[in-house]
Each structure stands twice: as structure tokens, then as C-alpha cells.
Amino acid sequence: DNLTRYIGYMCIEKIYYLILEERFKEKQMCSYLFNMLKNSIQSEYARLPHLSMYFLGRILHELFTPQSTMYPKILLFPPTTAGIDFTDVPMFYSFFCSSSLQFRQEQNWLLQTFMFGCQGRS
């Protein structure tokens, strides 16, 4: 189990360094998300919750899909949080108490994230 986590952490670190070396529009936001993840880890090779990692993956996916209706909402996520709280549901209240015209799409996006994120072991 520790070996698997070690390999996972090394993959994340390699991706982070690749992001730093490349030039692309979303570079600053991507590196910020990776730094948030790095700063949120309490111990060496800690087990990270599947739902939180799936959520971050979906955020990264949305960053590279600017035509998505979720793109403007996703851009608001990282600057409002200093780190990732692995015991909290990110953006839950902002999506479920939203007054935007796309509130159903926001709720569906979050519910799909829960549905697929909870299918993994945590």
C-alpha cells in the first residue's frame, strides 16, 4: 500500500514539474491547484480521499474546457480557499444555493462528481 502511494505521489510530482516547464494559458491555475494539494497533505505519503482527488481532476478538466458552462464557476474555486479540506465538500453551498441561470447544471455537475467519486475506495 505504501509503495502504491509512493508511486502515486511521484506521478503527481512529475506532472507538477511538467506543468511548470510548459507554457499554456491555464498554467498559473494548474500550478496553484497542485500547490494547494501539496500544502494540504499532513503526513508523508498520506492516503488521499478518492472523492477529493476525483473532484480536483474534474476541476482540472474544466480548466481546459473554457466553452463549458462550469468554467466561470470553477475559476472561482481556488482563489477562495487556502488549502484543500479533505473532510469538506468543496463548492457544495455555492452550487446548491446558487442563484445563477445555470443552477441545474451546477447541481448536476456536483452530483455527478459525488456519484463517480464515491464509487472508488475511500
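1. The accessible surface of the chain comes to about 8200 Å², and 58% of it is supplied by carbon and sulfur atoms. Please keep in mind throughout that this is a predicted model. Of the 122 residues, 33% count as buried.

2. As to the charges, the chain carries 11 positive and 10 negative ones, and their mean positions lie 3 Å apart.

3. The secondary structure consists of six helices and zero strands, so that the order of elements from the N terminus reads α-α-α-α-α-α. The radius of gyration is 15 Å, close to the 14 Å that the globule rule gives for 122 residues, and the chain is therefore as compact as a globular protein of that length. Taken along the principal axes, the C-alpha atoms fill a box of roughly 45 × 35 × 25 Å.

4. Where contacts join residues at least 6 apart in sequence, 62% of them link residues at least 24 apart.

5. The largest nonpolar core has 24 residues, among which Leu-33, Phe-55, Ile-59, Ile-74, Phe-77 and Trp-109 touch the most other members. At least two residues of this core come from each of α1 (2-21), α2 (27-40), α3 (50-63) and α6 (103-117), and the largest share, six residues, is supplied by α2.

6. Phe-77 deserves a separate look in the viewer: which residues is Phe-77 in contact with, leaving aside neighbours within four places in sequence? The contacts of Phe-77 are then Leu-33, Met-36, Phe-55, Ile-59, Pro-90 and Met-91.

Definitions and conventions: Residues numbered from 1 in each chain as written. Predicted model: local features only at pLDDT ≥ 70, side-chain atom pairs only at ≥ 80, totals over all residues. Heavy atoms only, no water. Core = buried A, V, L, I, M, F, W, Y, C linked by side-chain atoms within 4.5 Å. Buried < 20%, exposed > 50% of the residue type's maximum accessible area, 1.4 Å probe, protein only. Helix = DSSP H or I, 4+ residues; strand = E, 2+ residues; numbered from the N terminus. Contact = heavy atoms within 4.5 Å. Rg over C-alpha atoms; globule rule 2.2 N^0.38 Å. Areas by Shrake-Rupley, 256 points an atom, 1.4 Å probe, with all protein chains shown as cover. Lys, Arg positive; Asp, Glu negative; His and termini not counted. Charge placed at Lys NZ, Arg CZ, Asp CG, Glu CD.
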